[in-house]
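Hi,

Here is the structure we talked about. Please have it open while you read; my notes follow below.

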Amino acid sequence: MDENKDRIKSADEIRGGEEIKDHGKRREIIKTIIIIFLAVMLVLTFFSNTIMNRSLAEITSERTSSGKLTERIRGSGMVMSNQSWEVTVDGNKTIDTLNCKNGSEVKKGDVLFTVSAGDTEALTAAEDELEQLELDYQKSLLTPAADYSSENQAIKNAREDLANAIAKRDTAAAGLSGAKAAKEQYENDKTENQYYTKLQGKLQSVISAIDSDEYIAAPAEYTNDILAVKNEADTAEADYNSSCTVYTALTADGSAASEDEIAAARADMEAKETARNEARDRYETEKYALRSEIADKLADAETEAEFYAARISAYESDNAGAGMSIDELNADITAKQRDLENMITALGKTQKSDENTKKMNDLDIGAKKKVVDKAREKVEKLRKETGTVDVVSKYSGIVSGINVKPGDTTVPEMPVMTVDLADEGYTTEITVEADKAKKIKKGITAEVVNNWSGGTEAVLTDIKNDTVPGSKNRILVFSITGDVDSGSYIELSIPCGGGNYDSIVPKNAIGHDKDGDFVLTVVSKSSPLGNRYYAERVAVEVLASDETSSAVSGNLGYGEYIITASSKPVSPKDQVRMKDK
């Protein structure tokens with residue numbers, strides 16, 4: 001029993017020892033866990049700022065600056081040749097071979113392509129054109145010479161008027177007598193002139209009556225005798241017509257008249273015809289005799305009227321200054337002298353203008369002659385053409401367009417090929433806003449951005465309105481020189497003038513949203529674990545820009561940090577981390 005108790009005791013002791021040992025082991029484990037936890041917490045505490053920063057957007061920033069900025073506008077446009085030659089073929093011909101392709105450089109005299117022989121339609125059209133051109137040329141040779149007879153007569157009359165005015169002045173100064181007799185003669189001349197003028201009207205009415213055989217309105221003193229002769233002729237005409245009517249009735253079908261009656265009627269008709277002819281001849285003789293007489297009287301009356309009219313005019317001209325003072329007569333002389341000088345000056349100007357016009361007409365005639373000669377050469381060429389014909393280049397340049405292929409048929413006036421004349425230069429046009437165009441002046445040189453080969457230059461030659469209806473934009477026209485090809489695109493950077501600005505920021509730092517332009521500045525805030533950095537939106541207005549920077553106005557201080565790039569999108573008030581320098 002005791003042994004068993006001892007054995008049992010030993011077992012209990014052993015079990016109790018094991019329990020004590022396990023409890024100590026758990027305590028060691030718990031202690032270790034607590035130490036590890038505290039160590040982890042300590043590490044997290046010390047490195048929390050670094051861990052958090054790794055999750056934030058990493059930004060690149062630059063400070064705002066101030067100073068001078070040269071504003072630039074960027075744009076692109078297609079390069080166009082200043083002058084090109086469109087190669088055409090007369091008539092409908094077949095393209096046999098093409099000796100060049102787009103972009104090929106050709107020299108004057110190089111064969112561009114070959115075509116088949118010309119056709120008769122082209123020759124006919126060329127001959128018709130030549131005929132019309134020759135007609136126009138001949139018409140242009142018929143331009144009449146300038147006639148200055150009226151101007152010269154007017155100058156002659158003005159000289160005479162001036163001489164008469166001087167004579168009047170001299171006569172008035174000498175106090176010549178005889179004015180009363182001249183006045184009486186003047187009144188008598190007026191009476192005679194009125195008489196002969198009235199006589200002309202009467203004689204003219206007589207001639208009109210004779211020519212029309214109507215004497216009712218003519219004066220009776222000249223027409224009574226001829227009117228009686230006319231009445232006799234009219235009566236003889238009526239008698240003859242009556243006898244013709246009787247004879248016609250007797251000889252009509254179904255008439256019961258005897259041969260004696262018919263013979264008597266015919267004899268009567270013939271007798272009256274003779275009387276009619278004699279009366280008519282007498283009237284015509286008398287009428288023409290009277291007309292000749294009246295015409296002579298009319299000529300005499302016209303001569304007399306002109307004679308007295310001339311004397312009246314001379315008196316009125318000689319006495320136009322009657323009653324005028326010497327000063328008034330001198331003033332009249334001065335006015336006539338100025339009129340004469342003005343006429344001479346005007347004639348000189350007219351002659352000079354006509355001389356210039358004649359020179360221009362001569363140039364036009366010369367040009368038409370050249371056109372005729374070319375048309376004649378064209379006809380001769382078409383007449384001589386046989387087989388295939390080489391079409392050669394008239395100029396040196398670059399082939400910029402080919403509109404046909406071998407086997408195609410040409411159409412008159414259709415460009416077969418286009419050759420840009422490189423020596424004439426190139427242009428390009430760029431559209432910009434009107435307010436920006438105001439900052440640009442003709443003559444500036446723009447930077448060619450895509451000038452990979454170098455040596456290309458762009459100079460602004462013109463600023464014109466946009467042709468798009470309603471557009472307020474402007475078109476900038478640049479002259480392009482250097483290594484360029486027609487049809488290629490060129491990108492330009494255009495300087496618009498410079499200025500000094502308080503706030504200049506990188507161009508890529510400017511953002512835009514519904515509220516307008518803005519930049520994101522970097523704001524620093526202190527914390528127990530160090531400084532924290534946040535993005536803040538600042539509204540700005542872009543004043544000017546160049547290739548890399550923009551001048552802005554807004555609530556920005558000098559030297560403020562501006563976010564220019566970030567590892568991921570950043571919004572206002574986001575916490576960010578600065579990129580390590």
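**What I found**

Val 206 counts as buried, at 0% relative accessibility. Buried means under 20% relative accessible area, exposed means over 50%, and partly exposed lies in between (1.4 Å probe, protein chains only). This is a predicted model, where local features need pLDDT of at least 70, side-chain atom pairs count only at pLDDT 80 or more, and totals for chains, interfaces and linings use all residues. Residues are numbered from 1 along each chain as its sequence is written, and side-chain values use heavy atoms, with hydrogens and water left out.

Val 206 lies in helix α4. Helices (H or I, at least four residues) and strands (E, at least two) are DSSP runs, numbered from the N terminus. The C-alpha atoms of Val 206 and Thr 223 are separated by 7.5 Å. Along the chain, these two are 17 residues apart.

**Salt bridges**

How many salt bridges does a search of the whole structure find? The search finds 24. A salt bridge here is a side-chain nitrogen of Lys or Arg within 4 Å of a carboxyl oxygen of Asp or Glu. Side chains of opposite charge can pair when their charged atoms come close.

Helix α4 takes part through Asp 211. The side chain of Asp 211 meets that of Arg 291 in a salt bridge, at 2.8 Å from N to O. Asp 211 lies in helix α4 (residues 179-212) and Arg 291 in helix α6 (residues 259-318), so the pair ties together parts that are 80 residues apart in sequence. Arg 291 is partly exposed, at 28% relative accessibility.

Lys 230 and Asp 234 form another salt bridge, at 2.9 Å from N to O. Both residues sit in helix α5 (residues 220-250). They are four residues apart, about one turn of the helix. Is Lys 230 buried or exposed? Lys 230 counts as buried, because its relative accessibility is 15%. Asp 234 is partly exposed, with a relative accessible area of 39%.

Glu 105 and Lys 107 also form a salt bridge, with their closest N and O atoms 3.3 Å apart. Glu 105 is exposed, at 55% relative accessibility. Lys 107 is partly exposed, at 47%.

Salt bridges link Glu 134, Lys 369, Asp 373 and Arg 376.

**Strands and sheets**

Two strands pair if DSSP finds at least two bridges between them. β6 and strand β9 (residues 397-402) run antiparallel and are joined by two bridges. Val 106 stands opposite Gly 397 in β9.

Now look at strand β11 (residues 426-432). β11 is mostly covered, with five of its seven residues buried. Strand β3 (residues 80-81) runs antiparallel to β11, and two bridges join them. Here Ser 81 stands opposite Tyr 426. β11 also pairs with strand β14 (residues 474-481), in the antiparallel sense, over seven bridges. Thr 428 stands opposite Phe 478 in β14.

Asn 555 is in the loop between β19 (549-554) and β20 (561-566). Asn 555 is exposed, with a relative accessible area of 68%. From C-alpha to C-alpha, Asn 555 and Ala 539 are 7.4 Å apart in space. In sequence they are 16 residues apart.

**Surface patches**

Patches are made of residues with over 30% relative accessible area and no salt bridge; like charges are joined within 9 Å, and nonpolar side chains (Val, Leu, Ile, Met, Phe, Trp, Tyr) within 5 Å. Accessible areas come from the Shrake-Rupley method with a 1.4 Å probe; for residues, only the protein chains shown count as cover.

The nonpolar patch holds Ile 30, Ile 34, Phe 37, Leu 38 and Met 41. Together they have about 490 Å² of accessible area. Met 41 lies in helix α1 (residues 2-55). Met 41 counts as partly exposed, because its relative accessibility is 37%.

The patch of positive charge gathers Lys 370, Lys 374, Lys 381 and Lys 394. Lys and Arg count as positive and Asp and Glu as negative, while His and the chain ends are not counted. The place of a charge is taken as NZ of Lys, CZ of Arg, CG of Asp or CD of Glu. Lys 374 is in helix α7 (residues 326-384). Lys 374 is exposed, with a relative accessible area of 60%.

Best wishes
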